[in-house]
Amino acid sequence: MRNNIFVLVFSLILMSGYSQDTQDKFSYRIGDFEVVLLSWGQKQGNASVLIGATEKMLNECIPQGTFPNATNAFLVRTPEKTILVDAGYENGLTANLHANDIHASQIDIILITHMHGDHIGGLLSEGKARFANAQLYIPQPEYDYWMSDEAMNRVPENKRNGFIAARQVVEVYKDKLHLFVPGKLNEKTSELVQGITPFIASGHTPGHTMYMLESRAAKLLIWGDLTHALAIQMSYPEVAVTYDLDPQQAVSSRKEVFEYVAKNNIFIAGMHIQYPAMGTIRIDESGKYSFLLLAK
């Protein structure tokens, strides 16, 4: 049985570091950047949402039938800008920002990984833009999907709330909206903003996008919803979840990213990884991955 998936790691890469004041506050330095965890709390996911998990996999990785889960966004402070990567839920976002001495008016840029409600819900407050001074960046393929009437009409009428919410965000932020095409992980891609490069990792949604932060040779990849059930998906990346619009493509993206970050020793952060939601991946001689959470 693999019991080392959530081993705590104490040594950090050169020019990187972290601080932890309480269980709800956590920040990590990438060169000149500070990456701050915004958390909506720790949860337990249920094996019923898993696709392709065999009884052997379940018994090995989550014999209790549940797995640690969370909902997160990240605040990135650079020397020039204050950036939000995703906005989580509307309820709790203001408290998250205030806990880190940030007001919504101070956010310069918002980068969206994808347009599910737990990633864009915080963009609006009573139907208006919460971030009056921020420029909003949405991946073009993500925008195209949620704005597509054809895609929406394929969904039962009582399950179209996601499309309605995405379109409301686009309408409210239309004067501050920037669409872009994310690059491929193994190809040279231009920075979206200074020190931050977008890479496609489709499958969970058509335009699901990751953001690579780089400062003074230190890197961290905010990989969004690449994983939802880390406890089993680390050892078995072929396991998908019912939230994936294209489970097969989600698996393919996950395998590619795991291989890349393990090979290049890149730290990662994820929107559904338990506290503190940041760490690194290792691969053993048998080819299996393990995840090392950052901690004191």
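Where does Arg216 lie? Arg216 is in the loop between strand 14 and strand 15 (218-222). Helices (H or I, at least four residues) and strands (E, at least two) are DSSP runs, numbered from the N terminus.

## Basis of the model

This is a predicted model: local features need pLDDT of at least 70, side-chain atom pairs count only at pLDDT 80 or more, and totals for chains, interfaces and linings use all residues. Residues are numbered from 1 along each chain as its sequence is written, and side-chain values use heavy atoms, with hydrogens and water left out.

## Overall build

The protein has 8 helices and 19 strands. Its radius of gyration is 18 Å, close to the 19 Å that the globule rule gives for 296 residues, so the protein is as compact as a globular protein of that length. The radius is taken over C-alpha atoms, and the rule is 2.2 Å times the number of residues to the power 0.38. The C-alpha trace spans about 50 × 45 × 35 Å along its principal axes.

Of the 296 residues, 55% count as buried. Buried means under 20% relative accessible area, exposed over 50%, and partly exposed in between (1.4 Å probe, protein chains only). Among contacts between residues at least 6 apart in sequence, 66% join residues at least 24 apart. A contact means heavy atoms within 4.5 Å.

## Surface and charge

The protein exposes about 13,000 Å². Carbon and sulfur atoms supply 48% of that area. Accessible areas come from the Shrake-Rupley method with a 1.4 Å probe; for residues, only the protein chains shown count as cover.

There are 25 positive and 31 negative charges, and their mean positions are 2 Å apart. Lys and Arg count as positive, Asp and Glu as negative; His and the chain ends are not counted. Each charge is placed at NZ of Lys, CZ of Arg, CG of Asp or CD of Glu.

## Aromatic pairs

A search of the whole structure finds 8 aromatic pairs. One of them joins Tyr145 and Trp146 edge-to-face, 4.9 Å centre to centre with 85° between the planes. Rings of Phe, Tyr and Trp (its six-membered ring) pair if their centres lie within 6.5 Å; planes under 30 degrees apart count as stacked, over 60 as edge-to-face and the rest as tilted. Tyr145 is buried at 15% relative accessible area. Trp146 is buried at 5%.

Phe180 and Tyr211 form a tilted pair, 6.4 Å centre to centre, with 55° between the planes. This pair links distant parts of the chain: Phe180 sits in strand 12 (residues 177-180) and Tyr211 in strand 14 (residues 209-215), 31 residues apart. Both Phe180 and Tyr211 are buried. Elsewhere, Tyr145, Trp146 and Phe163 make up one aromatic cluster.

## Buried residues

Phe258 belongs to helix 8 (residues 247-264). Its relative accessible area is 0%, so Phe258 is buried. Leaving out residues up to four places away in sequence, Phe258 touches Trp223, Leu226, Thr227, Gln233, Met234, Pro237, Ile281 and Tyr289. Phe258 and Leu226 are 32 residues apart in sequence, and their C-alpha atoms are 9.6 Å apart.

His208 lies in the loop between strand 13 (196-200) and strand 14. It counts as buried, at 1% relative accessibility. Beyond its neighbours within four places in sequence, His208 has contacts that include Thr113, His114, Glu142, Trp223, Asp225 and Leu226.

Gly31 is in the loop between strand 3 (25-30) and strand 4 (33-46). At 4% relative accessibility, Gly31 is buried. Gly31 and Gly121 are 90 residues apart in sequence and 30 Å apart in space, C-alpha to C-alpha.

## Backbone exceptions

Most residues other than glycine have a negative phi, and most peptide bonds are trans. The peptide bond from Tyr275 to Pro276 is cis, with omega near 5°. Pro276 is in the loop between strand 17 (267-269) and strand 18 (278-283).

Arg216 has a positive phi, near 50°, and is not a glycine. Arg216 is partly exposed, with a relative accessible area of 45%. Ala217 lies in the loop between strand 14 and strand 15. Its phi is also positive, about 75°, although Ala217 is not a glycine. At 65% relative accessibility, Ala217 counts as exposed.
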